[in-house]
Amino acid sequence: MNIVVCVKQIPDPAEPGALDPNTKTLKRDGKLILDESDSYGVEMALQLADAAGGGEVTLVSMAPNSETSGLRTALAMGAAKSVLVSDPALSGTDALGTAKILAAAIKRVEGADLILTATESSDGYTGTVPEQIAELLGLPSITFAKSIAIDGGTVKVQRQTEAGYDECEAPLPAVVSVTAGVVEPRYPSFKGIMAAKSKPVDEVDCAALGIDPGSVGWAGGGQEIVTVEAAPAREAGEVVEDDGTGFEKIVAFLDNLKVI
Amino acid sequence: MSTHPDQARKFGEGDPHDFLDIDVLLSEEERLLRDTVRQFVGDKILPDVADWFEAGTFPKEMAREMGALGLLGMHLEGYGCAGTSAVAYGLACLELEAGDSGARSFVSVQGSLAMFPIWKFGSEEQKQEWLPRMAAGEVIGCFGLTEPDSGSDPSSMRTTAKREPGGDWILNGSKMWITNGSIADVAVVWARTDEGIRGFIVPTDTPGFSAPVIHKKLSLRASITSELVLDDVRLPESLRLPEVTSMRGPLSCLNEARFGILWGAVGAGRACYEAALEYSKERVQFGTPIASFQLTQRKLVEMMVRVNKGTLLALHLGRMKDEGRLSSAQVSFGKMDNVREALWIAREARSVLGANGITLEYPVIRHMNNLESVYTYEGTNEVHTLVLGQAITGLNAFR
Ligand SMILES: Cc1cc2nc3c(=O)[nH]c(=O)nc-3n(C[C@H](O)[C@H](O)[C@H](O)COP(=O)(O)OP(=O)(O)OC[C@H]3O[C@@H](n4cnc5c(N)ncnc54)[C@H](O)[C@@H]3O)c2cc1C
């Protein structure tokens, strides 16, 4: 069972982020870390490889400045190797461009039975890359997995919905996006951390992937960020007097928010 | 020069959490390990430690979780141990003690006081038998040196081991202030024999062994401290550590553990400084945050400077240890100074928090009380001062 997990390395959300006023995108020149929402896919992949009694987990990532620190975290958790795409031409790449790059990088991994992604990144939130990768690779796609099982040549997925979950199946290989929080990602063990530094990182650029730099980055972008506005100040809340039916109003309020 | 074009920070700016940019002195691997322990502490220790402290307990189950991470005996090679550098061990101790000195004590005792003597002085069979299970946290160890009448002067110990004609050893005596004693599966016990001090591996289910808990402690409450009673405990020769022949045996273990403590204390100090910094920016009196008062700023700055100096000292000693050139007197320097500075920081931070500073809702008084133990164990502040005094004068002031 060979599994590819797409992981993003993002600016540490614990530190105040900043937008570049020229490009109107997030500044990503500082230290990057493994996007927490990808750690669930890594954990899921490690569990599936374990359950299958063998096989490798390979990471695929696109990041500026040959960044590997997030990859090292996932390698320390137990992934075997990784492909890193880093190229100055990739600055400004939009979601579709990212999917093109990741799909090309995934093709470098031989014998991938399953490709896992998060449902969306924690810094970009487009939430479109997984399906685009599947389309570009001509593979079936299942989204929002809360649990994944392999049965022969089939992947069986419990797909989270607002009301509960759907049971979906697809023939392998397939692309499955994993909902955040559905498994508890393991801590990288110290042995894993020390082993991680000698695990292979196959770093490639656009040329090595056979991708025309003009079709990605700012040049290939199909979208333009016109303006960036500060979030509006929070509006005053609604005060409800409890006349004995307060609880009903709270329930209705929460129901309306779809949190219960 | 201050005109360097890359200079990132302007006048009036600085990182309150790493003012001297000490992070750049760590490798990527060291940072990942440090961050992993920090997260573990945030997930598994900080949410509950105030309750453990109040109840006077340390959950035994934590041993396996720490083992899975690789914390137990992490700086030892082989036998299921992670085999990290000394600096990595130090960073782990710092992060653990930023949670609680009790958690760090557990790891120090298991790795440096119980596993280390078996690893260093044990036979191959003893290592195979004990170390992998201790590294995994399946077997908990303790270290029995101190006695009711023998503290700073351990060579005055009274616990005896007598060899019987049949070859078995019979141990009698009592040990005091033994961390993990009542939850331990195995105790490394030091005893006097006709030939000098010897070390024994004592399974705690051996008849004649008991470990009553010491109650009424007001420090290190999230850590178990016990007495060990040895009443005609019979042990085969195969449970004696073959390579120890003098007090140097137990003292070398303490040297290992002190190295972890000189890092750990900085963690406790950092936690207190950060709590005071955060609190002082939020708490408003006389219409302004208390952090804006000069008297408070003096406190915060003194704390920040001490945390940074202590970290640099620990890192320097750690690099020396990894290069194999750290002396035990240099470890005394670190233990003496970093612990007293941490205690100073804790007391100062306590005052910044006002009345809130005396509750377990904030970490400060917990650290402050814990550090009183850390000040005393593993060589008191006074004893390390005398070690340093002797080192620079050549004159022994111990007696
Ligand atoms: C919470 C806790 C956990 C512990 N865990 C362990 C453990 O796991 N295993 C273990 O073996 N021990 C353990 N200890 C014991 C610890 O190591 C001793 O408490 C320590 O060595 C000091 O001994 P003492 O308490 O008997 O003090 P004493 O030696 O009686 O000292 C009392 C005071 O006299 C001073 N003093 C002593 N001699 C001199 C001198 N020559 N010159 C100047 N001043 C001197 C000391 O510095 C101190 O201020 C623990 C202690 C505590 C508090």
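A crossing of two helices is right-handed if the near helix is turned clockwise from the far one by less than a right angle, and left-handed if anticlockwise. I wrote this down before looking at any helix pair. The model is predicted.

**Entry: two helices of chain A**

I looked up α3(A), residues 95-107, and α4(A), residues 129-137, and found that their axes come within 8 Å and cross at roughly 50 degrees. An angle of that kind is neither roughly parallel (under 35 degrees) nor roughly perpendicular (65 to 115), so α3(A) is oblique to α4(A). The crossing of α3(A) past α4(A) is right-handed.

Which residues of α3(A) meet α4(A)? I listed A:Ala95, A:Leu96, A:Thr98, A:Ala99, A:Lys100, A:Leu102, A:Ala103 and A:Ile106. On the α4(A) side I listed A:Val129, A:Gln132, A:Ile133, A:Leu136 and A:Leu137. By class, this contact has ten nonpolar residues, two polar and one charged.

**Entry: two helices of chain B**

Next I took α8(B), residues 294-322, and α9(B), residues 328-352. Their axes come within 10 Å and cross at roughly 160 degrees. Angles over 145 degrees count as roughly antiparallel, so that is how α8(B) runs to α9(B). I noted a left-handed crossing for α8(B) past α9(B).

Among the residues of α8(B) in this contact are B:Lys299, B:Glu302, B:Arg306 and B:Leu313. Among those of α9(B) are B:Asp337, B:Glu341, B:Trp344 and B:Glu348. I recorded eleven nonpolar, five polar and six charged residues for the contact of α8(B) with α9(B).

**Entry: domains of chain B**

I found chain B divided into domain 1 (22-135), domain 2 (141-246) and domain 3 (249-393). How far apart are the C-alpha centres of domain 2 and domain 3 of chain B? They lie 31 Å apart. Domain 2 gives twelve residues to the contact between these two, and domain 3 gives nine. The side of domain 2 that touches domain 3 has eight nonpolar residues, four polar and no charged.

**Entry: the ligand**

I counted 21 residues around the ligand, and B:Leu145, B:Gly151, B:Ser152, B:Thr380 and B:Glu382 come nearest. The elements of chain B that give two or more residues to this shell are β1 (141-144), β3 (169-179), α10 (364-376) and α11 (381-393). By class, the shell has ten nonpolar, nine polar and two charged residues. Why did I write that the ligand lies between domain 2 and domain 3 of chain B? I wrote it because both domains give residues to the shell around the ligand.

**Entry: where the chains meet**

I looked at the contact between the chains and found 13 residues of chain B against twelve residues of chain A. On the chain B side, the elements that give two or more residues are α1 (28-45) and α3 (62-69). α1(B) gives the most, with seven residues. The chain B side divides into seven nonpolar, four polar and two charged residues.

I first noted the general rule: most residues other than glycine have a negative phi, and most peptide bonds are trans. A cis peptide bond joins A:Leu172 and A:Pro173, with omega about -5 degrees. I placed A:Pro173 in the loop between β11 (165-171) and β12 (174-178) of chain A.

B:Leu220 is not a glycine, yet its phi is positive, about 45 degrees. I found B:Leu220 in the loop between β6 (209-210) and β7 (225-235) of chain B.

Definitions and conventions: Residues are numbered from 1 along each chain as its sequence is written. Chains are lettered from A and ligands numbered from 1 in the order in which they are written. This is a predicted model: local features need pLDDT of at least 70, side-chain atom pairs count only at pLDDT 80 or more; totals for chains, interfaces and linings use all residues. Two residues are in contact if their C-beta atoms, placed from the backbone, lie within 7 Å. Helices (H or I, at least four residues) and strands (E, at least two) are DSSP runs, numbered from the N terminus. Ala, Val, Leu, Ile, Met, Phe, Trp, Tyr, Cys and Pro count as nonpolar, Asp, Glu, Lys and Arg as charged, and the others, Gly among them, as polar. A residue is near a molecule or strand if its C-beta atom, placed from the backbone, lies within 6 Å of it. Domain bounds come from an automatic or database domain assignment. Axes are lines fitted to C-alpha atoms, for helices over the stretch in contact, and angles run from 0 to 180 degrees between N-to-C directions.
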